[in-house]
Amino acid sequence: MSNTNRFVYVAAAIAAINGALFGYDTGIISGALLYIKKDFALSNFLQELVVSGVLVGAVLGAAVGGKLADRLGRRRLIFITAGVFVVGAVGMGFSPGVWWLIGFRFLAGVGIGIASIVGPLYISETAPPKIRGSVVSFNQLAITSGILIAYLVGYALSFSGGWRWMLGLGAVPALALGIGMLFMPESPRWLVAHGEEEEARDVLERIDDSIDHNEVIESIRDAIRQESGGSSELLKAWLRPALIVGISLAVFQQITGVNTVIYYAPTIFHATGFGGSASILGTVGVGIVNVLLTVAAILLVDRVGRRPLLLVGLAGMVLSLGILGLAFLLPALSGIVGWIAIGSLAMYIAFFAVGLGPVFWLLISEIYPLEVRGAAMSVASVGNWASNLLVSLTFLSLVGAIGRPFTFWLYAVVGVASLVFVYLLVPETKGRSLEDIQNLWSKRAGEKGDL
Ligand code: BGC
């Protein structure tokens with residue numbers, strides 16, 4: 001590996017800690033809730049607030065994160081986010097009462113919302129096109145690893161009921177992120193946009209010393225010149241298709257039900273007749289499949305491209321949801337039927353992890369022009385967190401109202417709609433420079449007379 005490539009990988013690995021915070025904080029609550037409930041004698045409503053506080057905060061964080069990234073710079077914002085996380089995690093660990101806890105979960109959520117944007121954004125802007133897909137997906141690998149670590153920590157501390165430790169430990173990766181970023185530069189694209197070309201040239205030199213940096217800087221300048229309206233550019237006709245692609249993928253990523261599995265896996269295992277600790281082990285298994293197939297996506301995404309991964313991933317998700325629903329329809333879930341249910345659950349997560357999981361976050365870091373990249377990612381990200389909240393809050397009532405089979409089949413139907421959408425509207429971005437992708441939208445609009 002050349003020095004420059006090593007630099008890109010290190011920068012991506014550090015920025016990806018943003019994803020680890022996202023994964024850990026959203027994943028840890030399933031293990032912690034049981035003990036928090038006992039300690040604070042929580043009603044159902046307060047439990048829901050403790051769980052969804054993070055998601056509500058994340059909607060807000062995603063809403064402001066993009067603008068802040070455009071204004072303050074990617075690097076500075078990552079520092080601030082790390083600080084927000086440390087305060088949130090320590091605060092959760094020391095909460096004297098449930099309202100404090102809800103408040104600090106909300107604060108950590110704001111950090112997660114910002115992190116979900118600025119991590120992929122920073123990596124995408126520092127990576128050369130040929131490896132951009134895989135290094136941006138480091139962020140998703142960190143999310144899935146964060147979830148898996150959260151399951152394991154939850155299990156390890158379940159014997160002592162130490163929920164304060166479970167939540168407080170989130171401060172450790174946050175500190176690592178803050179310290180790591182001290183040694184990383186600002187994104188070259190943000191630097192050019194803010195007139196700091198000398199510094200941008202230095203960073204580009206570290207990223208890839210084999211290319212003509214004047215040409216890269218010129219193409220970034222060109223891309224900026226094409227836009228002139230700041231955020232109002234977002235509303236222009238030529239960008240509408242890109243906005244629609246981002247928001248739709250954001251919503252599809254959630255309303256095909258992934259977090260019903262991530263958050264409620266133990267409950268689902270329980271329903272198939274597994275005992276308490278076997279359910280937890282099963283959940284850890286889900287976490288491992290999620291991590292492994294994300295690695296597969298990282299290896300594939302710059303070779304086969306984004307579209308094939310999305311299409312195959314969605315088709316597999318639809319199929320597994322169909323089987324899962326069928327298994328729950330049968331009268332006895334024990335024995336072979338129980339195993340079929342578990343197999344289809346694992347298959348569902350595997351197909352999510354190889355497609356929609358990483359590729360959604362990757363695409364929204366690629367498909368928007370520089371000047372509005374942060375703001376546009378915010379819009380998509382808000383859509384993602386708001387749908388996440390919606391699905392998390394409605395899953396149990398949906399199961400109560402129409403039963404498990406129809407709930408999973410409903411997600412399958414949405415999966416079919418997503419498949420058609422991707423097939424018809426999502427562009428391939430493999431191997432193109434970010435500036436080239438921007439040209440793709442303006443060319444398409446030009447052909448339609450929309451410019
Ligand atoms: C999604 C999260 C989900 C995670 C699971 C992410 O891409 O945005 O909502 O929990 O993947 O791996």
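T429 sits in the loop that links α20 (373–425) to α21 (434–448), with helices (H or I, at least four residues) and strands (E, at least two) read as DSSP runs and numbered from the N terminus. This is a predicted model, where local features need pLDDT of at least 70 and side-chain atom pairs count only at pLDDT 80 or more, while totals for chains, interfaces and linings use all residues. Residues are numbered from 1 along each chain as its sequence is written, and side-chain values use heavy atoms, with hydrogens and water left out.

**Around T429**
- T429 is buried because its relative accessibility is 1%; buried means under 20% relative accessible area, exposed over 50%, and partly exposed in between (1.4 Å probe, protein chains only).
- Its side chain forms a polar contact with the side chain of E366, at 2.5 Å. Such a contact is a pair of N or O atoms within 3.5 Å; within protein, one must be able to donate a hydrogen and the other to accept it, and residues adjacent in sequence count only if both atoms are side-chain atoms.
- Beyond its neighbours within four places in sequence, T429 touches R132, R306, L363, E366, I367 and I437, where contact means heavy atoms within 4.5 Å.

**A174 in its helix**
- Helix α10 (residues 171–182) holds A174, which is buried at 1% relative accessible area.
- Setting aside neighbours within four places in sequence, the contacts of A174 are L21, A82, F85 and V86.
- From A174 to R306, the C-alpha to C-alpha distance is 30 Å, and the two are 132 residues apart in sequence.

**A41, a loop residue**
- You will find A41 in the loop between α3 (29–40) and α4 (44–72), and its relative accessible area of 66% makes A41 exposed.
- A41 has a phi near 45°, a positive value in a residue other than glycine. Most residues other than glycine have a negative phi.

**The chain as a whole**
- The chain has 21 helices and zero strands.
- Its radius of gyration (over C-alpha atoms) is 22 Å, which agrees with the value near 22 Å for a compact globule of 451 residues; that rule is 2.2 Å times the number of residues to the power 0.38.
- Along the principal axes, the C-alpha atoms fill a box of roughly 65 × 45 × 40 Å.
- Of the 451 residues, 58% are buried.
- Among contacts with a separation of 6 or more, 83% join residues 24 or more positions apart.
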